[in-house]
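Okay everyone, thanks for coming. I'd like to walk you through one structure today, starting with a metal site and then moving on to some charged pairs.

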Amino acid sequence: MKDKVLIFDTTLRDGEQSPGVRLNMEQKLEIGRALVDLGVDIIEAGFPISSPGDFESVETLSKELKGVTICGLTRAVAKDIECAGEALKPAERGRIHTGLGVSKSHLEHKLKMTEDKALEVGVKAVKLARQFTDDVEYFMEDSGRADLDYVYRVVEGVIDAGATTINVPDTTGYTYPEEYRALIEGIRNHVPNTDKAVFSCHCHNDLGMATANTLAGVLGGARQVEVTVNGIGERAGNTALEEVVMALKIRPDYFGVDSGVDAKQLLSISRLVAKRTGMLVQRNKAVVGANAYAHSSGIHQDGVLKERSTYEIIDPSMVGDAKSEIVLTARSGRHALKHRLGELGFNFQDDRFEQLYTAFLDMADTKTEVGDSDLRELVTIN
Ligand code: KIV
Ligand code: ZN
């Protein structure tokens, strides 16, 4: 049996922190339900102390959603933790996600604490959180830029205090895959009590590395990934859920782990989140973009028409109602034109077809795409 990677979805917390996004309660519940159907393991529903809306989000999702763990974020501050404990009361399974920065930059400029003091505060926070739930996750903010010996000390201390999941965030999207993997491996190899916790990847996309870093973390032994639908989130965003899920599905030979997510729902949840957040998905976005299964150049179209897998590693039906698409453009060849004309009921032989192909290229040079009505017109006037 393959190892399982837990999917921790933070669309409703880190994702909702995207500038310009604000979801109302009804929309959060709608997305929460879709996440449960998708099969995620943990939903981070908000940061309860930050606003009444976030408190309501964690409390309502705790009440309404079953078969999933609901998580509330806190700072390592008593009133935050008590507030999250209150919001999570109705949950079938509730998790408190608390923590503190670990990099020099965070300690000196933001927290204004020494390493020892920050560790003491973190340990105290975990112990308090454990009074509300057995499921406590500790985040070491900005781990990607932190001193390793300090990271090791924090991990050991907070696990001893009762943390059951350790989140290793690359908060600023600073690391590269080899480094992020080494960070996870280093922790697991150097800290004596790591068998008592699950390690979690939380990567931001400032240098476009979020998915690669998350997958590298999985190779390094992490067994939870923190993701958002469509990769929405602060600045350049978080790791995209759909990219990680499909990477694990398409390359079981390489990763050897499973997510348990129903990939057939990826497209529909992507569309739902795009619609409710107003964060449009770029056409060339991996897995769920409008062009993800579209082919426009003659060489590619010829290959795909002979055998889909020549230019597609994902069968689009795996992610929902997507289909491979042949888009006719000035770069398209005879094979694609003949194929589409055939689908429209037109079958022309040699000279007639050549004449149409020449006319098609003339028309295609004036347009970004030649559609079915254009083809009908072409056939009529030529
Ligand atoms: O990016 C980050 O470090 C976070 C933490 C609060 C988990 O979002
Ligand atoms: Zn984050």
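This is a predicted model: local features need pLDDT of at least 70, side-chain atom pairs count only at pLDDT 80 or more; totals for chains, interfaces and linings use all residues.

**The zinc site and the salt bridges**

So, along the chain, the donors of the zinc ion (ligand 2) follow the spacing D-x187-H-x1-H. Which residues are we talking about? The zinc ion (ligand 2) is coordinated by Asp14 through OD, and by His202 and His204, each through NE2. Those contacts run at 2.0 to 2.1 Å.

Okay, on to the charges. Side chains of opposite charge can pair when their charged atoms come close. How many salt bridges does this structure hold? The count is 31, and I'll pick out a few.

Let's start with Lys4 and Asp41, a salt bridge whose closest N and O atoms are 3.2 Å apart. Lys4 sits in strand β1 (residues 3-4) and Asp41 in the loop between α1 and β3 (42-46), so this pair ties together parts that are 37 residues apart in sequence. Lys4 has 36% relative accessibility, so we call Lys4 partly exposed. Asp41 is at 18%, and therefore counts as buried; the cut-off for buried is under 20%.

Next up, Glu30 and Arg276. Their side chains meet in a salt bridge at 2.6 Å, N to O. Here Glu30 is in helix α1 and Arg276 in helix α11 (residues 266-277), so you've got distant parts of the chain linked, 246 residues apart. Glu30 is partly exposed at 30% relative accessibility, and Arg276 is partly exposed at 26%.

Then there's Arg340 with Asp372, another salt bridge, with the closest N and O atoms 2.6 Å apart. This one goes helix to helix: Arg340 lies in α13 (residues 334-343) and Asp372 in α15 (residues 372-381), so parts 32 residues apart in sequence get tied together. Arg340 has a relative accessible area of 21% and is partly exposed. Asp372, at 29%, is partly exposed too.

Last one from me: which residues form a network of salt bridges? That would be Glu16, Arg22, Lys28 and Asp54, which are linked in one.

That's what I had, so over to you for questions.

Notes. Residues are numbered from 1 along each chain as its sequence is written. Chains are lettered from A and ligands numbered from 1 in the order in which they are written. Side-chain values use heavy atoms; hydrogens and water are left out. Donors are N, O and S atoms within 2.8 Å of the metal (3.2 Å for Na, K and Ca); water is not among the atoms, so sites may look incomplete. A salt bridge is a side-chain nitrogen of Lys or Arg within 4 Å of a carboxyl oxygen of Asp or Glu. Helices (H or I, at least four residues) and strands (E, at least two) are DSSP runs, numbered from the N terminus. Buried means under 20% relative accessible area, exposed over 50%, partly exposed in between (1.4 Å probe, protein chains only).
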